[in-house]
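Work through the exercises below with the sequence and the 3D view open. Each task is followed by a solution in steps.

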Amino acid sequence: MPGVTVLGLDLTNPVMVASGLLTDQERNIRKLIEAGAGAVVTKTIHPNPPAHLDERIVRLPTGMLNSTTYTKRPVDLWLRWLRGFAEDGLPVIASVHADTPVDLGELAVRVELAGCRALELGISCLNEEDGLSDTPERVFAYTRAVRDHTSLPFSVKLASGEGLRERATAAAEAGADAITLSDTIPGAAVDPESGRLVLGGVFGYSGPAIKPLVLASVWELRRHGFALPVLGCGGVSSGRDVHDYLAVGATAVQVYTALHTDMYETLDRIVTATVAGAPRVSG
Ligand SMILES: Cc1cc2nc3c(=O)[nH]c(=O)nc-3n(C[C@H](O)[C@H](O)[C@H](O)COP(=O)(O)O)c2cc1C
């Protein structure tokens with residue numbers, strides 16, 4: 001399988017590592033690229049991340065629930081890391097978010113000045129205190145602010161679910177170069193001992209079970225003529241999953257939860273099967 005161009009970056013293969021705890025460390029990011037990632041998206045950088053939330057992950061038989069939000073590392077540290085990645089020519093995409101559209105635009109400028117060549121707007125995290133009720137207007141405001149502040153290519157990360165087509169259209173109209181679909185989607189589990197919700201509420205659900213939902217969303221967007229590149233993300237754990245996303249119209253694919261088990265070996269397996277290009281039965 002040939003490489004692919006995503007957000008102006010020439011990737012050796014279409015398997016990217018999605019934003020998450022595993023991409024919250026400089027060393028992991030470098031090693032994931034060494035292990036074969038076409039690109040790596042950083043944990044979402046935020047100038048003012050919530051401080052007092054109980055941020056945890058819980059494994060379920062069908063995937064993972066997580067209550068994490070943004071990196072707790074200071075922006076200046078990330079800028080230093082991003083400068084190093086740029087100097088070494090590594091395909092690292094900075095995921096960014098902020099409390100207001102203008103703050104996000106300003107953060108995007110700082111990231112661009114550090115030499116980073118592409119961004120993902122991590123604006124769809126549902127784990128903040130009041131959850132996320134996303135609207136096309138909100139997506140438009142964040143996207144437009146970043147477009148007004150920087151000429152860097154960027155993807156807007158959205159969550160599958162209600163009103164997706166309107167939100168994706170808002171991102172496109174406000175100047176996004178791509179969308180990433182999907183962030184985690186709302187999920188809950190009940191603790192059999194206490195009868196209460198695990199983690200105390202509804203949080204981000206990810207892993208194999210969300211793949212059919214996200215595939216359907218990508219396919220529906222394409223069916224309605226959505227023209228921007230789509231970076232498909234949700235439940236990828238094999239070469240076949242990657243090819244399924246490409247088959248419904250994704251340009252490239254991101255993988256996250258699967259990497260919580262044997263991170264580098266799992267990535268290598270997915271990339272190898274993807275590049276081999278014949279994963280319809282196994283891989
Ligand atoms: C523990 C954890 C942390 C995550 N942190 C972020 C984040 O900081 N920013 C973001 O855009 N997405 C974040 N995500 C979402 C993933 O990037 C991805 O969109 C989602 O998990 C679906 O893909 P998957 O099923 O392959 O995990 C996180 C997911 C998990 C499980």
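**Exercise 1.** How many residues of strand β7 (residues 92-96) are buried?

Solution. Begin with the ground rules. This is a predicted model, in which local features need pLDDT of at least 70, side-chain atom pairs count only at pLDDT 80 or more, and totals for chains, interfaces and linings use all residues. Residues are numbered from 1 along each chain as its sequence is written.

Step 1. Helices (H or I, at least four residues) and strands (E, at least two) are DSSP runs, numbered from the N terminus. A residue is buried if 20 or more other C-beta atoms lie within 10 Å of its own, exposed if 12 or fewer, and partly exposed in between, with C-beta atoms placed from the backbone.

Step 2. Count. In β7, 5 of the 5 residues are buried, so the strand is largely enclosed by the rest of the structure.

Step 3. Separate the two faces. Val 92, Ala 94 and Val 96 are buried on one side of β7, and Ile 93 and Ser 95 are buried on the other.

**Exercise 2.** Find the strands that pair with β7, and say in which sense they run.

Solution. Step 1. Two strands pair if DSSP finds at least two bridges between them.

Step 1. Strand β4 (residues 39-41) is parallel to β7 and joined to it by 2 bridges. Here Val 41 has Ile 93 of β7 as its bridge partner.

Step 2. Strand β8 (residues 119-121) also runs parallel to β7, with 3 bridges between them. Leu 121 in β8 is opposite Val 96.

**Exercise 3.** Describe the surroundings of Glu 120.

Solution. Step 1. Glu 120 belongs to strand β8. It counts as buried because it has 26 C-beta neighbours inside 10 Å.

Step 1. List the contacts, where two residues are in contact if their C-beta atoms, placed from the backbone, lie within 7 Å. Leaving out residues up to four places away in sequence, Glu 120 touches Ser 19, Val 41, Ile 93, Ser 95, Phe 154, Ser 155, Lys 157 and Thr 180.

Step 2. Take one of these contacts, Phe 154. It is 34 residues from Glu 120 in sequence, while the C-alpha to C-alpha distance is 5.4 Å.

**Exercise 4.** Which residues of helix α8 are buried, and what do they pack against?

Solution. Step 1. Helix α8 (residues 263-276) has 14 residues. From first C-alpha to last it reaches 20 Å, close to the 20 Å expected at 1.5 Å a residue (the expected span is 1.5 Å times one less than the number of residues).

Step 1. Leu 267, Ile 270, Val 271, Ala 273 and Thr 274 are the buried residues named in α8. Seen down the axis of α8, they fall within an arc of 165°, so they line one face of the helix (the arc is that of the directions from the helix axis to the C-beta atoms).

Step 2. The face turned away from this side carries the exposed residues Glu 265 and Ala 276.

Step 3. The buried residues of α8 pack against β3 (15-17), α1 (26-34), α7 (239-247) and β14 (252-255). Just after the helix, Gly 277 has a positive phi of about 80°.

**Exercise 5.** Repeat the analysis for helix α1.

Solution. Step 1. Ile 29, Leu 32 and Ile 33 are buried in α1. Seen down the axis of α1, these residues fall within an arc of 100°, so they line one face.

Step 1. Exposed Arg 27 and Glu 34 are on the face turned away from the buried side of α1.

Step 2. The cover over the buried residues of α1 includes β3, β4, β7 and α8. After α1 comes Gly 36, with a positive phi near 120°.

**Exercise 6.** What is the make-up of the shell around the ligand?

Solution. Step 1. The shell has 28 residues, with Ala 18, Gly 20, Ser 206, Tyr 256 and Thr 257 the closest (a residue is near a molecule if its C-beta atom, placed from the backbone, lies within 6 Å of it).

Step 1. Strands β6 (63-66) and β12 (203-206) each supply at least two residues of this shell.

Step 2. By class there are 11 nonpolar, 14 polar and 3 charged residues. Ala, Val, Leu, Ile, Met, Phe, Trp, Tyr, Cys and Pro count as nonpolar, Asp, Glu, Lys and Arg as charged, and the others, Gly among them, as polar.
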